[in-house]
Amino acid sequence: MEIKEKDMGRKKKNMEKKELSGFNVYEAKEHIKELLKEKGISQKTAYEHIGLSQPDFSKRLSANNEGFFQIWQLWDLSNLLNCSIDELLGKDNIPHQKATAPEDVSLSDVCAALYYFHQIVQPNYMQTQDDQRILIYSSKKIVNELFRKFYHIKDEPEVLSYFSQGFIRDHKNAIRKYEFQTEYEYGKNFLAAIIDDKDLKQQAVKILRHEGGNQALEDLELYLKQIYETLNKDQRICVYNALSKYEKEIDVVKGSTTSVILNHFYCVHEKHQHQDDQ
């Protein structure tokens, strides 16, 4: 009886703390589920990434359970989803302020905007020879295209607003670690590059013609392994996940060089996964 009273008292204090902080654990759970869905990441990938079992992960996301993630688990989830912990929990971390009339904008406002731009865009800067101008550009083609588009419509408020809202809505999953592409776009573009690789094609032709025996197979796998190892863990999973869909999309013909290259890429991935599991 005494233990139950202590538990009730502890729960009451926790509830009071939550009410005072304004934190709604159930809204946070829903937001995490929405982010996973939005970014195309399965719950299996998530719970394996943070070291939980499926039942424990489901319990922490359940609206019928008060339990929640530990801070280090939130940290790992935010890394997986490429967002801040604030964003993960549904707290907008972009500082919104009341609209300021252009003539009332301070130098502090300009500095804050530049700082935020630098943190998010991570652009390159170059000074002209006369030291009069600073050029800002990105090493990412798609970001430069966005700069160019803004330049052409910046003086048309209605067009700019319409374009911005649509672009923001449609590109939430095009993230930096995938070169500002969606996971599938990144995966399929990587696969398209390897099946178009001249050396890999030559190796695949040798195999199809039964030239070189086992050595030809080993050479192909070695080359694919070297390419595979240029990718980080997330990128490897991304490319592997794109494989099946991409094969259907381009209608791979059995016995073609494309089929040989993609099948051996699959084998290279499976061997790496097996080594990692040991």
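**A friendly note on cores and helix contacts**

1. The largest nonpolar core of this predicted model has 27 residues, and Leu191, Ile194, Leu224 and Phe265 have the most contacts inside it. A nonpolar core here is a set of buried Ala, Val, Leu, Ile, Met, Phe, Trp, Tyr and Cys residues joined through side-chain atoms within 4.5 Å. Buried means under 20% relative accessible area, with a 1.4 Å probe and protein chains only.

2. Which helices supply this core? At least two residues come from each of α10 (183–195), α11 (198–208), α12 (213–228), α13 (233–250) and α14. Helix α10 gives the most, with six residues. Helices are DSSP runs (H or I, at least four residues), numbered from the N terminus.

3. Take a look at leucine 191 next. Leaving aside neighbours within four places in sequence, leucine 191 is in contact (heavy atoms within 4.5 Å) with Val239, Ala242, Leu243, Tyr246, Leu262 and Phe265. Another core lies apart from the one described above, with 20 residues, among them Val25, Ala46, Phe57 and Cys83.

4. Histidine 272 sits in helix α14 (residues 257–277). Is this histidine buried or exposed? Histidine 272 counts as buried because its relative accessibility is 9%. Not counting residues up to four places away in sequence, histidine 272 touches Lys225, Tyr228, Glu229 and Arg236.

5. Now for a pair of helices. Helix α8 (residues 141–153) and helix α9 (residues 157–170) have axes that come within 9 Å and cross at roughly 155 degrees. Helix α8 is therefore roughly antiparallel to α9 (angles over 145 degrees count as such). Axes are lines fitted to C-alpha atoms, for helices over the stretch in contact, and angles run from 0 to 180 degrees between N-to-C directions.

6. On the α8 side, Leu146, Lys149, Phe150 and Ile153 meet Val159, Leu160, Phe163, Ser164 and Phe167 of α9. By class, this contact has seven nonpolar, one polar and one charged residues. Ala, Val, Leu, Ile, Met, Phe, Trp, Tyr, Cys and Pro count as nonpolar, Asp, Glu, Lys and Arg as charged, and the others, Gly among them, as polar.

7. Helix α2 (residues 25–38) packs with helix α4 (residues 54–61) at an angle of about 120 degrees, their axes 8 Å apart. The two are therefore oblique to each other (the class left after under 35 degrees for roughly parallel, over 145 for roughly antiparallel and 65 to 115 for roughly perpendicular). Their contact has four nonpolar, no polar and four charged residues.

8. A word on reading the values: residues are numbered from 1 along each chain as its sequence is written. In this predicted model, local features need pLDDT of at least 70, side-chain atom pairs count only at pLDDT 80 or more, totals for chains, interfaces and linings use all residues, and side-chain values use heavy atoms, leaving out hydrogens and water.

Terms used: Buried < 20%, exposed > 50% of the residue type's maximum accessible area, 1.4 Å probe, protein only.
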